[in-house]
Amino acid sequence: MATANMKDVKRRIKSVESTMQITKAMELVASSKLRRAKERALAVQPFFAALYDTMSDISADPAFSSVYTKKKFVRSTLVVVVAGDRGLAGGFNSNVLKAAAARIDELKAGGEKVSLVTIGKKAVEYFDKRGYDVTDRYSQIAERLDVYDAMDIAEKIIHGFRCRDYDQVELVYTTFVSALTQQPVTVSVLPVENLENGAKGGSLTEYDPSPEEVFDGLVPQYLSGILYAAIVDSYASEQAARRTAMESASDNAEEMIGQLSLLYNRARQAQITQELTEISSGSLRDE
Amino acid sequence: MQTFRLRIITPEKVFFEGDAVQIIARTSAGNVGILAGHSPYVANVLPSPLKIKTADGEESRTAAISSGIIKADKDGVSVVAEAVEWAEDIDVLRAQRARDAANKILEENRSQKEFERAEQRLKKALNRLTVAGR
């Protein structure tokens, strides 16, 4: 009995050890990917600030109007959902997907038609399986995302918006708050709103050919900028979440190994004690 | 000649930051050259070669720019674009592939939407090739 138990425990220790090797490796990979992802997420800031400033300046003029800023009666919404390509990242995917599903239900309850664009394999699978109306799917683009990918997606979305396939566009993704906290957020993308009114002196600026045309020319870039930033942000969050999850998995594995070793040593000790008792009782009988 | 502060910004990085004497860009209204002390000005830039002269007497450098904007104000000039590449850094093979792919779609006569997208891409690819060829 004792020997069988010892063998079992030994096998379990081995298996936990090999799992721990994997989680340790994943933790290291995630933390180096996180570092690069954070750099990319920071690099997009100046681009965004420059675009945003210009758009605010233009929209500060009361006479200004554009198809992209007009508030319409909303009957249909496009929701862009960004999730990860892989699992094993703690609650990362399920949190953002739940937030997206809740938002979609809310919109539907308001009587709106909702269509979806899914980015990231997990988002694609989740919404396809549940029979949502998904117009475009993008898998495996986050890790090697370049601007051209974001431009492609933005162009399609803008085309649909101009053709009035939908009246507003919202984006659900996970934002990187800190290495330990990642927060799913929903932002409204189109029509463009919430522009702070920029410098009123902006009216001195000469817009070539006109403020409206400059603004409308900017919107596709603004949108691809937002998408690029959101995907990069979400990717950084995914890596951070994975690192935390793998870190605690490794810790748990270590704790389990400790407990199992204790169990193993106890069993071994019990066996030795038993053998000794058997030997001494045997020799007693011989005498 | 006087210099001005020039910043070229893409989503991936600040592509260029420094002093320049002159910048020439192609806007929807035609080629525009900007020198130091320009009045406040904003325009859309088309996919085209962007010429930058960083100092007097120096050769101007050329970069391929996808669509973007150029903005001159009291702080200098900023160019904000989705993608900018120096002529010498352009991956000619990749640009050729993009051109061939776009051409193929145009020939296949697909939907209007795809046609327009392919046309845009063709313009960008051709622009990169012209800039690189120089």
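Modeller: Two residues count as in contact if their C-beta atoms, placed from the backbone, lie within 7 Å. This is a predicted model. In chain A, 79% of the contacts with a separation of 6 or more join residues 24 or more positions apart.

Colleague: What makes chain A more spread out than a compact globule?

Modeller: The globule rule gives 19 Å for 287 residues, whereas the radius of gyration of chain A is 29 Å, well over that value, so chain A is more spread out than a compact globule. The C-alpha trace spans about 115 × 40 × 25 Å along its principal axes.

Colleague: How do you know which residues of domain 1 of chain A touch domain 2 of chain A?

Modeller: By the 7 Å limit between C-beta atoms, six residues of domain 1 of chain A are in contact with five of domain 2 of chain A. On the domain 1 side, helix H1 (2–43) and helix H6 (211–286) of chain A each supply at least two residues. H1(A) gives the most, with four. The C-alpha centres of domain 1 and domain 2 of chain A lie 48 Å apart.

Colleague: What share of chain A is buried?

Modeller: Buried residues make up 35% of the 287 residues in chain A.

How values were computed. Residues numbered from 1 in each chain as written. Chains lettered and ligands numbered in written order. Predicted model: local features only at pLDDT ≥ 70, side-chain atom pairs only at ≥ 80, totals over all residues. Domains from an automatic or database assignment. Rg over C-alpha atoms; globule rule 2.2 N^0.38 Å. Buried ≥ 20, exposed ≤ 12 C-beta atoms within 10 Å, placed from the backbone.
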